[in-house]
Amino acid sequence: MQMMKESKTTSTPIPVSKKGSVPSVPQLEVFKNQNAILRNPLPFHHENFEKLGHTFMVKLGAGYKIIFTRDSETIKYILQKNHKNYQKSPLQTKDLGKYIGQGLLTSNGEHWRKHRRMVQPAFHKKKLVGLLDAMWSAVQDEIERIDASTVQNVLPLMGDVAFQVVARALFSAEDIRERMQKLQRITVLNQKMLIREMRRPYLKWWFQLDGSIKRHLELSKDAQNILNEIVEERLASGEEKDDLLDMLLQAKYEDGTAMPRKQLLDELLILFTAGHETTANALSFTLYLLAKHPEMQEEVYQETQKADFENGDQMQNLSLLIFTQQCIEEAMRLYPPVYVIDRVSIKDDIVDERKIKKRTTWLLSMYELHRSAHWDNPDEFRPERFAADVKKNHSDYYYPFGAGPRMCVGNNFAMYEMIMAVGGIVKKFKLTTDMDEVVLDPLVSLRPKEVVLRFSER
Ligand code: HEM
């Protein structure tokens with residue numbers, strides 16, 4: 001299939017490469033810089049995009065290569081137009097999958113399709129309306145816990161918000177806080193282990209030998225046991241709660257059967273994993289940007305005066321926080337939590353007029369696309385880019401939740417909870433910071449090293 005001309009997403013002229021081949025980074029250069037790249041790959045990505053064009057290749061020996069792209073047409077082609085030829089890489093299906101099981105996030109092919117059909121309806125906007133009160137009560141409980149007497153790193157606080165919101169939406173009951181805290185500890189510990197494995201891939205044999213992988217797999221078992229206990233209690237109670245767990249328990253395959261228990265537990269754990277760190281990062285970056293831009297924070301504050309989450313119709317409240325939503329969208333443009341999306345080609349393909357072999361790994365850089373020359377002053381925080389009348393101009397250059405059939409199933413859920421959290425926090429506290437800049441820590445997701453803020457009660 002022929003497709004696309006050179007995109008106009010960057011101001012840098014693209015060097016003429018031999019027709020049909022993707023410009024590649026010399027292997028020695030990758031080898032020399034591998035530690036720095038594993039610590040923070042963003043400068044490596046940026047330098048090579050600037051030097052070699054929107055699409056470049058890294059050869060890693062034994063025929064294994066990765067193609068990096070920030071070209072908007074190529075990204076659309078892989079995620080949407082020819083998505084059938086692209087699946088998730090073993091980094092997600094195997095490395096992450098061994099800790100969180102084979103659910104939506106970590107599976108491919110028919111297994112994925114079957115379960116996407118079952119899980120997606122639970123996240124439909126109409127269904128989410130019924131979860132908004134539970135979502136707000138979780139957000140409010142976490143806001144109440146914020147200690148205004150000291151400066152604080154908000155990343156762990158936002159981690160608590162994101163985790164508790166998923167927990168409340170899934171299980172509605174409030175008497176499971178202790179078990180949820182244990183589950184959260186396990187999720188965080190396993191995420192850290194995965195990061196260790198990714199940062200030091202050459203030490204995998206050692207992690208096997210010193211028992212750390214085994215220990216973390218046992219933690220995953222503990223997580224499954226906690227979730228299983230909660231499912232058992234729900235079934236034994238015979239109660240209908242109308243929460244996400246009920247929806248998943250009632251969901252049926254095409255042949256009318258329900259999800260096997262092990263699959264249900266995998267999907268539950270995956271919702272925590274997928275919905276926890278991404279949201280915590282987006283919230284932390286948004287609060288940081290609002291602390292750095294007091295005039296915009298004031299605009300958010302004024303807007304929150306119109307909303308009454310304690311009593312009002314939650315959908316109505318959310319629809320009033322228009323500028324708040326724009327600030328969150330702009331924060332995810334500058335700092336997309338999923339900053340690269342990976343895919344592996346199944347068959348040979350022609351992409352951007354270049355022949356690409358099957359089993360090629362692609363890394364689609366959302367971070368670079370979101371800061372490409374399509375955007376005026378791309379490094380500036382300008383929430384008005386997402387005003388209703390201009391928002392659609394950016395749709396080909398903005399994918400915080402991915403695109404195509406594997407687009408985030410929790411995107412509306414995440415937006416609702418983030419609007420509530422940012423609105424609720426700014427309504428109660430004035431945020432300030434002494435930080436000059438935020439230091440990025442990109443690996444599984446793009447997160448800030450820390451975001452230290454002062455919360456002054458209004
Ligand atoms: C700001 C918050 C979030 C961001 C930025 C985000 C981003 C993404 C992105 C980019 C993908 C697609 C990855 C790919 O194509 O390889 C994805 C997938 C997914 N997300 Fe989210 N997400 C967020 C919150 C959530 C929440 C709250 C949930 C659920 C409670 C969730 C559940 C999932 C699941 C299950 C998938 C896999 C979908 C599939 O492959 O069918 N996410 N997310």
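Helix 10 and helix 12 cross in a left-handed way (the near helix is turned anticlockwise from the far one by less than a right angle). This is a predicted model, where local features need pLDDT of at least 70, side-chain atom pairs count only at pLDDT 80 or more, and totals for chains, interfaces and linings use all residues. Residues are numbered from 1 along each chain as its sequence is written.

**The helix pair**
- Helix 10 (residues 177-199) and helix 12 (residues 212-237) pack at about 150°, with axes 10 Å apart; helices are DSSP runs of H or I with at least four residues, and strands are E runs of at least two.
- Axes are lines fitted to C-alpha atoms, for helices over the stretch in contact, and angles run from 0 to 180 degrees between N-to-C directions.
- That angle makes helix 10 roughly antiparallel to helix 12 (over 145 degrees).

**Around the ligand**
- Of the 23 residues around the ligand, Ala-274, Gly-275, Gly-402, Cys-408 and Gly-410 come nearest; a residue counts if its C-beta atom, placed from the backbone, lies within 6 Å.
- Helix 14 (261-292) and helix 19 (411-428) each supply at least two residues of this shell, and helix 14 gives the most, with 7 residues.

- Strand 10 pairs with strand 13 (residues 452-457) over 4 bridges, and Leu-431 has Phe-455 of strand 13 as its bridge partner.

Methods
Parallel < 35°, antiparallel > 145°, perpendicular 65-115°, else oblique. Pairing = 2+ DSSP bridges.
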